[in-house]
Amino acid sequence: MAMALSGYSNVIMIVIVTFFSPCIAMGTEYVVGDHHGWATGFDYNIWAADKVFKVGDSLVFRYEVGQHNVYRVNATAFQNCTVPSNHSEALRSGNDVIVLASPGQKWYLCGVGEHCTTGQKLAITVVPSTISSSPSPVQHTKKLFGGFHF
Ligand SMILES: [Cu+2]
């Protein structure tokens, strides 16, 4: 009886994990510049070109603290590399995570020295997230039950 019960609870555990894992893995985390990180001497246009950013995804800006920072700006500031006068807007942790909460165009630049004018700026377009892009958790559960011959 005890063995039958523990076996049953294992199955329940697997079902719970299978059911919830698609939710956890829903947003993709993009490390800006990949292993190059957030720095000068890198083309972020090319980096962004082959990616589709969706609502719920996040950007991670990685750099040495004090060497760079991250400002979210508008299109004009991006074009002209205008650093916002309110310096408290800057992210400067060296591992800044920005969750893409809404669709549309987003612009980011580094406010240190001439970094922006030498190319340390990133423009992306965020598209609405779609349900069909991730596998349905219901189907997973059905498959699992089928495998256990319930
Ligand atoms: Cu910089």
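Good morning. I begin with Asp34, which is placed in the loop that runs between β1 (29–31) and α2 (44–49). The model is a predicted one, in which local features need pLDDT of at least 70 and side-chain atom pairs count only at pLDDT 80 or more, while totals for chains, interfaces and linings use all residues. Residues are numbered from 1 along each chain as its sequence is written.

Asp34 is not a glycine, yet its phi is positive, near 50 degrees. Is this residue buried or exposed? Asp34 counts as exposed because it has 10 C-beta neighbours inside 10 Å. The cut-offs, with C-beta atoms placed from the backbone, are 20 or more other C-beta atoms within 10 Å for buried, 12 or fewer for exposed, and partly exposed in between.

A positive phi also occurs at Cys81, near 55 degrees, again in a residue other than glycine. Cys81 sits in the loop between α3 (75–80) and β5 (95–99). With 18 other C-beta atoms within 10 Å, Cys81 is partly exposed.

I turn now to the sheet. Three strands form an open sheet in the order β1-β3-β5, and the pairing is mixed. Pairing requires that DSSP finds at least two bridges between two strands. β1 and β5 are the edge strands, each pairing on one side only. Between β1 and strand β3 (residues 58–62), the pairing is parallel and spans three bridges. Within β3, Leu59 is the bridge partner of Tyr30.

Which residues does Val97 touch, leaving aside those up to four places away in sequence? Val97, in strand β5, touches Ser58 and Val60, where contact requires C-beta atoms, placed from the backbone, to lie within 7 Å. From Val97 to Tyr30 the separation is 67 residues in sequence and 9.4 Å in space, C-alpha to C-alpha. Val97 is partly exposed, since 13 other C-beta atoms lie within 10 Å.

Finally, confidence. The mean pLDDT, the predictor's confidence in each residue on a scale from 0 to 100, is 82 for the protein, and 70% of its residues reach 70 or more.

Technical notes:
Helix = DSSP H or I, 4+ residues; strand = E, 2+ residues; numbered from the N terminus. Contact = placed C-beta atoms within 7 Å.
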